[in-house]
Amino acid sequence: MPSEKYLRYGRPQPPDDPNQEYMSIQETAYVLKISVDTARRRTKALGIVSKPGRSVVTSKRDRQRIHEFGRKNAKEQGRVRQLRSRATAELSAAA
């Protein structure tokens, strides 16, 4: 059974207004349709931090950067998969 802390901080939550300037990480995850863990990983990779002891809050610009970062990584992963499948096909054809 999930803990109360997980239920509070680990699930995306709908914001009051999807176009508001600042959102919590849970609201950001909901708007971008990603998990809270993914939102946290992307904010960390982009260097979006909060003050010690404070919750992470994202601005509209931060949310745009998070979204673009996810799209860029998805494209790179697609290229890697294509290269792997080509290499596998070449190896099986050579054998």
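Visitor: What covers the buried residues of helix 4?

Guide: In this predicted model, the cover includes strand 1 (22-24), helix 2 (25-32), helix 3 (36-46) and strand 2 (57-59). The residues of helix 4 that are buried include Asp-62, Arg-63, Ile-66 and Gly-70.

Visitor: Why are helix 3 and helix 4 called roughly perpendicular?

Guide: Their packing angle is about 100 degrees, and their axes lie 10 Å apart. The term applies to angles of 65 to 115 degrees, and the two helices are therefore roughly perpendicular to each other. Where they meet, Arg-42, Thr-43, Ala-45 and Leu-46 belong to helix 3, while Arg-65, Ile-66, Phe-69 and Gly-70 belong to helix 4.

Visitor: Why does Thr-38 count as buried?

Guide: Thr-38, a residue of helix 3, has a relative accessibility of 17%. Buried means under 20%, so Thr-38 counts as buried.

Visitor: What makes the pairing of the Thr-38 and Ser-35 side chains a polar contact?

Guide: The two side chains are 2.9 Å apart at this contact. The cut-off for such a pair of N or O atoms is 3.5 Å, so the pairing of Thr-38 with Ser-35 qualifies.

Visitor: Which residues form the largest nonpolar core?

Guide: It has eight residues: Ile-25, Ala-29, Ile-34, Val-36, Ala-39, Ile-48, Val-56 and Ile-66. Helix 2 and helix 3 are the elements that give two or more residues to this core. In soluble globular proteins, nonpolar side chains tend to be buried together.

Key: Residues numbered from 1 in each chain as written. Predicted model: local features only at pLDDT ≥ 70, side-chain atom pairs only at ≥ 80, totals over all residues. Heavy atoms only, no water. Buried < 20%, exposed > 50% of the residue type's maximum accessible area, 1.4 Å probe, protein only. Helix = DSSP H or I, 4+ residues; strand = E, 2+ residues; numbered from the N terminus. Contact = heavy atoms within 4.5 Å. Polar contact = N/O pair within 3.5 Å; in protein donor to acceptor, adjacent residues only side chain to side chain. Core = buried A, V, L, I, M, F, W, Y, C linked by side-chain atoms within 4.5 Å. Axes fitted to C-alpha atoms, helices over the stretch in contact; angles between N-to-C directions. Parallel < 35°, antiparallel > 145°, perpendicular 65-115°, else oblique.
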